[in-house]
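This report looks at parts of one protein chain. Please read it beside the sequence and the model.

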Amino acid sequence: MQSIRYKIGFGHFSLAAIIIVLSVFVAFSFLRLNRSITPILEKNGPTAEAAQNMLKALDDQVQYQILMLQGDVDLAYAGYRSSRDRFLNWYQRALSARLPAPEGMVLDSIIVTYKAYLTNSEAFYRLCRTESPLARPFHMESLVPMEQRLRRQCLRVIENNQHLITQTTILAKRTADRTMVMLALAAGLSIFFALWANAQVSRNVVRPAIKLAHSIRLISRGQLNQKIDITSNDEFAEISSEFNKMTERLRTYEEMNVHQLIAEKKKSETIVTSIAEPLIVTDVGHMILLVNEAAAQMLNIPQQNIIGKPVEEVVQQRRLLQLLRADARQRRELAQSDFLFRHETSQGTLYYRPKQTVIIDESGLPQGIVTLFEDVTRFKDLDRLKTDFIATVSHEFRTPLTSINMTMDILSQQILGPITPQQEELLHNAKDDCERLTKLVKELLDISRMQSGSYQMKIAPLRLDQIIDEAVKPLRLLFHDKGIDLRIEAGDGLHFAGDAQQMNWIFSNLLNNALRHTPRGGTVTLRVRKKRHEILVSIADTGPGIPKELQQIIFDKFMQIKKEGETTPGSVGLGLAIARQAVESHGGRIRVESENGAGSTFYFTIPTTRSS
């Protein structure tokens, strides 16, 4: 029983020795290469990075100076000071690199020029504060030349570093070429010894194992009458004997269980067929295993002709195909988005809510997916009736609310006679209540129009920066009054096709939500970035956050999150529901990430191109 162990151990020892020798040689070669390159890169890399960031900080200062000329002096000056501090911080990092004389002189000239630039910038700020007509000429004649000189000096630092890095690259290439030659020789010797050791193992171990595996493969295919010849007295002989016994037991088990398996299969098929709602069973390779009669009618295909076929050959509806081919992450997203499948029949439109269950074997691996389509048509009809009722009631509210508003305006203006201060305060409170009711009616009408399908989207080419400007414009004063810093990080030139009014709803409702839940002195940040074929927008606030258990329901209608005793005037919980409806009507997705005490961030996507 020691022969196979000895043969395999000899082969493993030979391969391990070759790998160790080659690894030591490779490690030594790369260590020598690293020692020759690292000092130069560590010395010059931070300097180049510092110069590039100094240029970025200088660009920001120029932008803020332009904003000073445009009128927003104090806000722009705060940004200018921040970018000035970043410039000086990066300059100090460049000084700490202990550069040689030429680059050190360039850095000295940078700080001299920058000090003069800062002096002129302060004078420019004072001119802008006093709205002096000399501000613009002073900017062009004094600041612009100094900014260009600073830019040339920073570029000179970068060019010097690039020259040093080029020299380092040449040195590294020479060292690498020598190392590759030595590695090729070492690899050639290693391959020779590895082939020799492999030949020894193959002759003594692998060939008998191949013969044994061939016999086992025939047995696994159902040819249970196979016998493995025993030609040695080592471990292979023991394995062969045990497999011969196993085939005898398997033959007996097969004869006993075949009838029971057939009966169980027929029982399962009968259960599936008897289910009234559509049911489809697919395997992990998206092949159809079972369908009942209701599912075959829904697919409009004979039940017998689809078993064993890929789903893409059978299913024509894009959304249904997406559901049946979804992976685990996509199934979770579809479950969270309340996915409904719409099916047109001669009797009318049916709505199904799919429920998917993964079939797991005894080892925990997925073997298939059961997709059951729950008929929710009656609930959809009830929801439509509710929406129509709300729309009708809201529409009927508009006329009396308009009349009440006009009456209170007439009374407040004292056209019909003087009023007392107490009456004026009561009218003011009633006017606020009417405005909240008017806003509620408008939101109810908007969401009912979108859900009922009566809203006709006007798809047109749009620019995202213009949409953001229109949505933010009426809110800037509210942010300023509450002392909240509104930051917008959106590039120009992002185009997409969409409905301008609905896009305005999305941004207005999300920003209003962030404004309402952010305390005084907080920050709201709107960021936009392009991501493949869609635009990703995030709106982050520094408010109290949203509990995990409520994050899945905040997009429902009339859902508000309040602390005990807290009120949110003017809000009835429709803003996020309208935003989600508008995002989904554009083919996008909306979600929230939040933790208690750490603020909230709402994300939504808008495709740059609309699918047909």
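At what angle do helix α14 and helix α15 pack, and how far apart are their axes? The model is predicted, so local features need pLDDT of at least 70 and side-chain atom pairs count only at pLDDT 80 or more, while totals for chains, interfaces and linings use all residues. Residues are numbered from 1 along each chain as its sequence is written, and side-chain values use heavy atoms, with hydrogens and water left out.

Helix α14 and helix α15 pack at an angle of about 145°, and their axes are 9 Å apart. Axes are lines fitted to C-alpha atoms, for helices over the stretch in contact, and angles run from 0 to 180 degrees between N-to-C directions. Helices (H or I, at least four residues) and strands (E, at least two) are DSSP runs, numbered from the N terminus.

| Helix | Residues | Among its contact residues (heavy atoms within 4.5 Å) |
|---|---|---|
| α14 | 500-517 | Gln502, Trp505, Ile506 |
| α15 | 575-585 | Leu576, Ile578, Val583 |

Met146 lies in helix α4, residues 135-220. Met146 counts as buried because its relative accessibility is 14%, and buried means under 20% relative accessible area (1.4 Å probe, protein chains only). Leaving aside residues up to four places away in sequence, Met146 touches Thr113, Ala116, Tyr117 and Asn120. Thr113 is 33 residues from Met146 along the chain, and their C-alpha atoms are separated by 7.1 Å.

An open sheet has 5 strands in the order β7-β9-β10-β12-β11, with mixed pairing. Two strands pair if DSSP finds at least two bridges between them. Strands β9 (523-531) and β10 (534-541) pair in the antiparallel sense over 8 bridges. Thr525 has Ala540 in β10 as its bridge partner.

Conventions:
Buried < 20%, exposed > 50% of the residue type's maximum accessible area, 1.4 Å probe, protein only.
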